[in-house]
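Here is a friendly walk through one protein chain, taken a few places at a time. Please keep the viewer open as you read.

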Amino acid sequence: MAASGEPTGQWQEEVAVAVVGSCMTDLVSLTSRLPNTGETIHGHKFFIGFGGKGANQCVQAARLGAKTSLVCKVGKDSFGNDYIENLKQNGISTEFTYQTEDAATGAASIIVNNEGQNIIVIVAGANLLLNTEDLKEAASVISRAKVMICQLEITPATSLEALTMAHSNGVKTLFNPAPAITDLDPQFYTLSDVFCCNESEAEILTGLVVDSTEDAGKAALILLQRGCQVVVITLGAAGCVTLSQKEPVPKHIPTETVKAVDTTILHGLHHEETCCVPVFNLRASAWLTLLLPYIFNS
């Protein structure tokens, strides 16, 4: 049974974006510099935020105005309880946000220096227990959504099953292969209406070095040839490169250059003196701002 106890029916009819993916509690320490191996250093601030690629993408979609539902699994612990409450506060259906006693809520230990560089260790925990039975229970939402989004912070088999379920019901699929794996099942490409990765993920998937927009175009062509309908490779400050089966010539879309404060979290969403706050990493999901209007209008 879903954790939130929300009534069925209302959300299932309204959901436009279903996300099958991960939730991570971020334990963030801010320091002047990153520690060396075996070194203990003082930090100047600590806070707890809400992360995970799946949840970040779901929150971003919700803040873009879409009715959203997150299919995920958290631990039956304080982090899990807080996570469910925060999703609700962001207007996201938690009808299929499951809780388990068999693992803790996924967590990420993050150290960020003054330049915005970071070191991150994640423990996926309950995310890896999202399974076939959970997807079957959530099939009514996944199969009726306009768009289904998933990633690889849950088990690849679960993500692949979610893509298959959505694709077979005519739902547009958006797959973010992160964190990337070298032996990605070929079905991920053919089941993806939109395949969106960053440059480092593109390198892992194609074996090409991606140091420029031209390199990104070459990598995108390889991914397109594997069966994707649309490929987007994000390039940080350089924007992104995109192409599709209908328009197979790589197109560079630039973006405004901004000073990087932190590539892991968004400053300004928490009070200076608060140590436990609802911070979501929306920068990492900013590509949805470009892709969701395209998907809804195609």
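In which helix is Thr 158 found? Thr 158 sits in helix H6, which covers residues 156-168. Before going further, please bear in mind that this is a predicted model.

## Thr 158 and its surroundings

Thr 158 has a relative accessible area of 6%, so it counts as buried. Leaving aside residues up to four places away in sequence, Thr 158 touches Leu 130, Asn 131 and Leu 135.

Val 20 is worth a look here too: 138 residues separate Thr 158 from Val 20 in sequence, while their C-alpha atoms are 8.8 Å apart in space.

## Two nonpolar cores

Val 20 turns up again in the largest nonpolar core, which has 44 residues. Val 20, Met 148, Phe 195 and Ile 233 are the residues with the most contacts inside that core. Apart from it lies another core, made of 26 residues, including Val 17, Val 19, Ile 92 and Leu 174.

What does Ile 233 touch, not counting residues up to four places away in sequence? Its contacts include Cys 197, Asn 198, Glu 199 and Ala 202, together with Gly 239, Cys 240 and Val 241.

## Helix H9

Helix H9 runs over residues 213-225, and at 1.5 Å a residue its 13 residues should span 18 Å; the end C-alpha atoms are 18 Å apart, so the two values agree.

## Backbone details

Most residues other than glycine have a negative phi, and most peptide bonds are trans. After H9 comes Gly 227, with a positive phi near 120°. The peptide bond from Ala 178 to Pro 179 is cis, its omega being near -5°. You will find Pro 179 in the loop between strand E9 (172-175) and H7.

## Asn 90 in its loop

Is Asn 90 buried or exposed? With a relative accessible area of 18%, Asn 90 is buried, because the cut-off is under 20%. Asn 90 belongs to the loop between helix H3 (78-89) and strand E5 (97-100).

The side chain of Asn 90 has two polar partners to inspect. A polar contact of 2.8 Å joins it to the side chain of Arg 63, and a polar atom of the Asn 90 side chain lies 2.9 Å from the backbone oxygen of Asn 86.

Conventions. Residues are numbered from 1 along each chain as its sequence is written. This is a predicted model: local features need pLDDT of at least 70, side-chain atom pairs count only at pLDDT 80 or more; totals for chains, interfaces and linings use all residues. Side-chain values use heavy atoms; hydrogens and water are left out. Helices (H or I, at least four residues) and strands (E, at least two) are DSSP runs, numbered from the N terminus. The expected span of a helix is 1.5 Å times one less than its number of residues. Buried means under 20% relative accessible area, exposed over 50%, partly exposed in between (1.4 Å probe, protein chains only). Contact means heavy atoms within 4.5 Å. A nonpolar core is a set of buried Ala, Val, Leu, Ile, Met, Phe, Trp, Tyr and Cys residues joined through side-chain atoms within 4.5 Å. A polar contact is a pair of N or O atoms within 3.5 Å; within protein, one must be able to donate a hydrogen and the other to accept it, and residues adjacent in sequence count only if both atoms are side-chain atoms.
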